[in-house]
Amino acid sequence: MERKPTGRRARIIAPPQDLKRRAISATKGLNFDLSPQELAKIETAVHKSKDRFVKQVAEKLKAIRTTHHDAAANPGLRTAYFEMLRDESLAIKGLAGTFGFHTVTAIASSLNDFVLSRTEAGERQLLVIRLHIDMLYVLLGRAQQPMGGMRAETEGELLASFKILTAKYA
């Protein structure tokens, strides 16, 4: 089936450039030379956000611990508990790296992977979950120390141990 020309031609409409001109200069580009005052404001904002993140995660972990205790005592609560763990561990994993908590990201990721498709758990699996939660508490408690107060070798051994632990009791 052939299409017949309609006699009309497509018109190209150039988008308005006023926003682009306001955002960048066509010859200089963006200016990233920040004054010391601007840099101080940014550092203060990030530091405040980091403190708020630590407090929010501590509150989440407190709620998770309470729910963990209830789920350990009542197997009927475990499906909802695992859903909560999946959501919260994913949120912690996603935000921790933003604020420089890379070990927290790794442990939260390990927890998320461990409960990702889990609907049931025995005592050992619940212990693995509790160890993840406890480790997140420890890491956040050490948040004010450079690199969490942990040597790179120790961090590597810790992460390797959690990998072995989760693989063994998956």
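Predicted model: local features only at pLDDT ≥ 70, side-chain atom pairs only at ≥ 80, totals over all residues.
**Entry 1**

I began with a reminder to myself: two packed helices are described by the angle between their axes and the distance between the axes.

**Entry 2: who touches whom**

Next I wanted to know which residues in helix 5 and helix 6 meet. From helix 5 I wrote down Arg-124, Gln-125, Val-128, Leu-131, His-132 and Met-135. Across from them, helix 6 brings Leu-158, Phe-162, Leu-165, Thr-166 and Tyr-169. Sorted by class, this contact has seven nonpolar, three polar and one charged residues.

**Entry 3: salt bridges**

How many salt bridges does the count come to? I got four, and I followed up some of them.

I took Glu-88 and Lys-60 to start with; their closest N and O atoms are 2.8 Å apart. Glu-88 sits in helix 3 (residues 78-96) and Lys-60 in helix 2 (residues 36-73), so I was looking at a link between distant parts of the chain, 28 residues apart.

Then I turned to Arg-65, which forms a salt bridge with Asp-134, the closest N and O atoms being 2.6 Å apart. Arg-65 lies in helix 2 and Asp-134 in helix 5, so this pair ties together parts that are 69 residues apart in sequence. For Arg-65 I found a relative accessible area of 38%, which is partly exposed. Asp-134 is at 22% relative accessibility and also counts as partly exposed. The cut-off for buried is under 20%, so Asp-134 does not count as buried.

**Entry 4: Asp-134 again**

What else does Asp-134 form a salt bridge with? I found Arg-130, with the closest N and O atoms 3.5 Å apart. Asp-134 and Arg-130 are four residues apart in helix 5, so about one helical turn separates them. Arg-130 counts as partly exposed, at 38% relative accessibility.

Putting the pairs together, I noted that Arg-65, Arg-130 and Asp-134 are linked in a network of salt bridges.

How values were computed. Residues numbered from 1 in each chain as written. Heavy atoms only, no water. Contact = heavy atoms within 4.5 Å. Helix = DSSP H or I, 4+ residues; strand = E, 2+ residues; numbered from the N terminus. Nonpolar A, V, L, I, M, F, W, Y, C, P; charged D, E, K, R; others polar. Salt bridge = Lys/Arg side-chain N within 4 Å of Asp/Glu carboxyl O. Buried < 20%, exposed > 50% of the residue type's maximum accessible area, 1.4 Å probe, protein only.
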